[in-house]
Amino acid sequence: MSGRQRNWEALSFQIVMTVIAILALILIVSPSLVVVIVSFTSGFSLKFPPPGYSTRWYVELWNAWQLQFAARNSVVVALWSTGLSIVLGVAAALAISRSKALTAKLLDSLFMSPLVLPALAFGLAALMFFSLIGLPVSLLTLVIGHTIVCVPYVVRNTVAALAQLEPTLLESSAILGASRLYTFRRIVLPLIRPGIISGAFIAFMSSFDNVPVSLFLRDAATDMLPIRMWQDLEGKLDVTIAALSSVLIIATIALMAIMERTTGLSKRLTG
Amino acid sequence: MKSAATARMTAPGDVTSFSLGLALPLGLVFAIFFVLPLAQLLYLSLHNDTAATVWGLGQYIKFLTDPFSLAVLGSTLLLGAEVTLACLVLGYPIAWLYQRSGSRLQTLIIMIVLLPLLTSVVVRTFAWIVILGRQGIINSVLQSMGLIGTPLRMIYTQGGLIAALAQVQMPLMVLPLITAIGRIDPNLSDASASLGAGSWRTFFKVMLPLSMPGIIAGCTLTYAAAITAFITQSLVGGGQMLFMPMYLYQQASTLQNWPFAAAISIIFLFAVLAIVALFSMLGRRARGYGDAR
């Protein structure tokens, strides 16, 4: 192959890859941008580009008590599920991360399985189980269901953080006379804290956004935001949903920025 | 090294590991609220009547001999394959670009990729309704350019659904790919080039095979997510296209046919597990390939 041919060949490869990458990145970003723009429409439809601009749909959002009620429920359930996931998940991660026992491996697969199994099947199973034991659907059943599907994120991130912990640090601490609890509080916990926080963050977001489990475990009295939005959209295309969506997009970006600053979320998720 | 050895002699037990008992609380929660419900689901699916009194494989026979049910299963599995392929073709170049960029651009790319992953799935799906709708961007651009007279019907079509699902699930493909491509020794590409292989050949013969673990991991996650994406399937797919999650939901919620819904769940669950097992088998082979270098 002559030099010029090779240059052309290398160039064609780079151009094709770069162009596809940029197009794909645009594809990823544009839907969110479109929603934010449409939410400022002065019209009654989701026409793009909007005929004029106004903040009327945000005012409308202020009065949409059904959406606010569902949002409050979603936040409450997400906070409880995240709290439970941290307590149960970190303890379990400590137990399984440094153990070579077969039990630890099996437990690890068990705790990770909600990530792969179709959550809708689990939602249905949980509903039937709760009705069998006579527990009516409530915020409690939602918290239990959400904890099952959110705890894997905490376990996974904590296990990853523990894997990078130098065992010699624990040994040094023990040699210097520290008790196990003291070592845990002063050495282990500070070092794995970023891992726990980023796991908890993803657990919170996935609980707040959960559909398959909420679909079966909620009722009118315990309406959840994603389900409320979905049912609204099935009925009519309401611009209020666009305003709500932009609020959620902006909130997500803000939370992501905070997490990036405090725990280096992006490095954590790309290994 | 010496201090480590002394520690093992003096400390009672191994100080570097924690008691397995710490996993007990979560283990119990999973046993009661995860394993038991799934066991009950299986139990219920093995009954022929809705009251669950007559044992039998009736529900499974009903599903597996019903052309309609089989078509739903088939189209769900096919949809997953199409979305996964789209994600791979579009996602790989993103991961490639990421590994060649400076750290500022890397952070930007990762943020762009992560944003949809963390944004509510209803919001992301809603965005596609706005884009694909009758008055959406694509139709208004095409109309203003005079290319079409009447708006095209894009929402509620298979193509629209694949585009929406591919966008929604893209991060699940890109993240493992970034990790996998980052682990490839850059010297290997240089070696390939200095031995006379062109960029395309180096890509297909060196980079692609070596990033196979990431491809497999990404495909597994994307596939599993795409076929269970209830919201996107129902809102962008619409009523004409029925997939397993909606089928399951209809049987359970609207028709209250719990044993049949349970059987659908179990069949769906095993279909997903079979696909995951297939991918992880391919993954083990790929790792063997990667280690051989």
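**The nonpolar core and its surroundings**

Tutor: In this predicted model, the largest nonpolar core holds 167 residues, and the members that touch the most other members are A:Ala92, A:Leu124, B:Ile94, B:Leu248 and B:Ile264.

Student: Which helix gives the most to this core?

Tutor: The contribution to look for is one of 15 residues, which comes from chain A.

Student: Leaving aside neighbours within four places in sequence, which residues is B:Ile264 in contact with?

Tutor: B:Ile264 is one of the core residues that touch the most other members. Once its neighbours within four places in sequence are set aside, its contacts are B:Phe63, B:Met244, B:Tyr247, B:Leu248 and B:Gln251.

Student: Is chain A a compact globule or more spread out than one?

Tutor: The secondary structure of chain A consists of twelve helices and zero strands. For its 271 residues the globule rule gives 18 Å, whereas the radius of gyration is 24 Å, which is well over that value, so chain A is more spread out than a compact globule.

Student: What share of the 271 residues in chain A is buried?

Tutor: A residue is counted here if 20 or more other C-beta atoms lie within 10 Å of its own. By that criterion, the buried share of the 271 residues in chain A is 47%.

Student: Is B:Gly27 buried or exposed?

Tutor: B:Gly27 belongs to helix H2 of chain B, which covers residues 24-45. Because it has 22 C-beta neighbours inside 10 Å, and 20 or more are required, B:Gly27 counts as buried.

Student: Is B:Gln256 buried or exposed?

Tutor: B:Gln256 sits in the loop between helix H13 (244-254) and helix H14 (258-291) of chain B, and its phi is near 55°, a positive value in a residue other than glycine. Most residues other than glycine have a negative phi. Because B:Gln256 has 10 other C-beta atoms within 10 Å, and 12 or fewer is the limit, it is exposed.

Student: At what angle do helix H11 of chain A and helix H5 of chain B pack?

Tutor: The contact is made by A:Thr252, A:Ile253 and A:Met256 of H11(A) together with B:Met111, B:Leu114, B:Leu115 and B:Leu118 of H5(B). H11(A) passes H5(B) in a right-handed crossing, and H11(A) is oblique to H5(B). The axes of the two helices are 10 Å apart, and the angle is about 125°.

Notes: Residues are numbered from 1 along each chain as its sequence is written. Chains are lettered from A and ligands numbered from 1 in the order in which they are written. This is a predicted model: local features need pLDDT of at least 70, side-chain atom pairs count only at pLDDT 80 or more; totals for chains, interfaces and linings use all residues. A nonpolar core is a set of buried Ala, Val, Leu, Ile, Met, Phe, Trp, Tyr and Cys residues joined through C-beta atoms within 7 Å. Helices (H or I, at least four residues) and strands (E, at least two) are DSSP runs, numbered from the N terminus. Two residues are in contact if their C-beta atoms, placed from the backbone, lie within 7 Å. The radius of gyration is taken over C-alpha atoms; the globule rule is 2.2 Å times the number of residues to the power 0.38. Axes are lines fitted to C-alpha atoms, for helices over the stretch in contact, and angles run from 0 to 180 degrees between N-to-C directions. Angles under 35 degrees count as roughly parallel, over 145 as roughly antiparallel, 65 to 115 as roughly perpendicular and the rest as oblique. A crossing is left-handed if the near helix is turned anticlockwise from the far one by less than a right angle, and right-handed if clockwise.
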